[in-house]
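Dear colleague,

Please find below the structure that I am handing over to you.

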Amino acid sequence: FMESSDVESDTLVGWLELEQPRRLMVLIPENVDCTSVTRQIWELANTTGSTVQLLGLCKDDDREPALRRELVTISALIQDAKVPVETKVEIGTNWVNAVKHNHQAGDMIVCIAEQSGGIRRRPLSQILESNLKSPVYILSELHPEQPESSVLTQIMAWAGFIGIIGGFFLLQVKIVQQ
């Protein structure tokens, strides 16, 4: 498996030496905030001179529009003059079938580290690598740091909420008295 820090790994270098056009097939699950990995996808595509296919998988037709909107947003953040991006949505629950249906010779599969599948919830990268015999690049999902809220900030917020409720209570009392 390749981690995003191993850009110069043997597998990646071997893949770059292929004569055929290169494409990154990036697997995007539904209900995931992928904005944290868009920069990593762009850097990988730009470094390797690859095109990008964002492949989404959703369980049913009702969820497809939301996933399609997420893919369009990610595509807009990645795409530029050097990095063309296409999007595709598959309906189902099996990543292996979805990837087999869209995989072309020379593709590198890119998935997020937290993705898993199968009955035993194995990492998706392991499942795909063993079933497809294709290089799999793993992006680490970055979680933005949450700013620490101080006790004073929380006290001020609660005081504001209680003040608003108290103000409306007093207003209601005045209305009832008249």
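A crossing of two helices is left-handed if the near helix is turned anticlockwise from the far one by less than a right angle, and right-handed if clockwise. The crossing of H2 and H3 is right-handed; helices here are DSSP runs (H or I, at least four residues) and strands likewise (E, at least two), numbered from the N terminus.

This is a predicted model, in which local features need pLDDT of at least 70 and side-chain atom pairs count only at pLDDT 80 or more, while totals for chains, interfaces and linings use all residues. Residues are numbered from 1 along each chain as its sequence is written, and side-chain values use heavy atoms, without hydrogens and water.

Helix H2 (residues 38-48) packs against helix H3 (residues 64-78) at an angle of about 50°, and their axes are 9 Å apart. Axes are lines fitted to C-alpha atoms, for helices over the stretch in contact, and angles run from 0 to 180 degrees between N-to-C directions. H2 and H3 are therefore oblique to each other (under 35 degrees is roughly parallel, over 145 roughly antiparallel, 65 to 115 roughly perpendicular, the rest oblique). Thr-38, Ile-41 and Trp-42 of H2 meet Ile-74, Leu-77 and Ile-78 of H3, where contact means heavy atoms within 4.5 Å.

Leaving aside neighbours within four places in sequence, Ile-41 is also in contact with residues including Leu-24, Val-52 and Leu-139.

Yours sincerely
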